[in-house]
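Hi,

Here's the structure I promised to pass along.

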Amino acid sequence: IGIPLVLIIPVLALFGVFGESKEKVGASNSGFEMQVEYPSRFRYKQINPLEVSLRNTSSNPIPILTVSFDRSYISEFSETQFMPDVKDVTETSYRVELKDIEPGETRRVSVSLQGERYGLHEGTVTAVSENGSNAEVKISTFIFP
């Protein structure tokens, strides 16, 4: 039983089962659309970006758009860096605020994540405008040795 298991590991590696991978998910509403590209699988201590793109699809400027990241998800990584910087941290989320997004304009939020804890980590990314419009996506990342 042990020999076939030892032989299958290199075959799985050839097919990229143990390699890095990224996923892209999106959500939209009547005022803006959000695309999130995140690492769905990577190794312990590697650094990968989580990128959020927000585009104003309305004909009016968006004065304030708040992007929230689940604190339970972010806390599974080390050396996290947000760009732009985090405005505040609550018990449940890290929040980044984007101001004065013109019609048709796209803004980005980037989070650098270093794999710290093995296993599957799940969370959500939510964007909420001042008028209450919101978009939410679920993300999950598997960190392996």
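**What turned up**

Let me start with Glu 79, which is exposed at a relative accessible area of 57% (exposed means over 50% relative accessible area, buried under 20%, and partly exposed in between, using a 1.4 Å probe and protein chains only). Glu 79 sits in strand β5, and its phi is near 55 degrees, a positive value in a residue other than glycine. Strands here are DSSP runs of E with at least two residues, and helices are runs of H or I with at least four, all numbered from the N terminus.

Before I go on: this is a predicted model, so local features need pLDDT of at least 70 and side-chain atom pairs count only at pLDDT 80 or more, while totals for chains, interfaces and linings use all residues. Residues are numbered from 1 along each chain as its sequence is written, and side-chain values use heavy atoms, with hydrogens and water left out.

Asp 100 also has a positive phi, about 50 degrees, although it is not a glycine. You'll find Asp 100 in strand β7. There's a cis peptide bond too, between Met 83 and Pro 84, with omega at about 0 degrees. Pro 84 belongs to the loop between β5 and β6. For background, most residues other than glycine have a negative phi, and most peptide bonds are trans.

Now the strand pairing (two strands pair if DSSP finds at least two bridges between them). Strand β5, residues 77-83, runs antiparallel to β8 and is joined to it by five bridges. Phe 77 stands opposite Gly 115 in β8. Strand β8, residues 106-115, also pairs with β3 in the antiparallel sense, over nine bridges.

That brings me to Asn 48 in strand β3, residues 47-56. Is Asn 48 buried or exposed? Asn 48 is buried, with a relative accessible area of 6%. Setting aside neighbours within four places in sequence, Asn 48 is in contact with Glu 20, Lys 22, Pro 39, Phe 42, Val 111, Ser 112 and Leu 113 (contact means heavy atoms within 4.5 Å).

Last stop is Glu 91, in the loop between β6 (88-89) and β7 (93-101). Glu 91 is exposed, with a relative accessible area of 78%. Glu 91 and Asp 70 are 21 residues apart in sequence, and their C-alpha atoms are 9.4 Å apart in space.

Cheers
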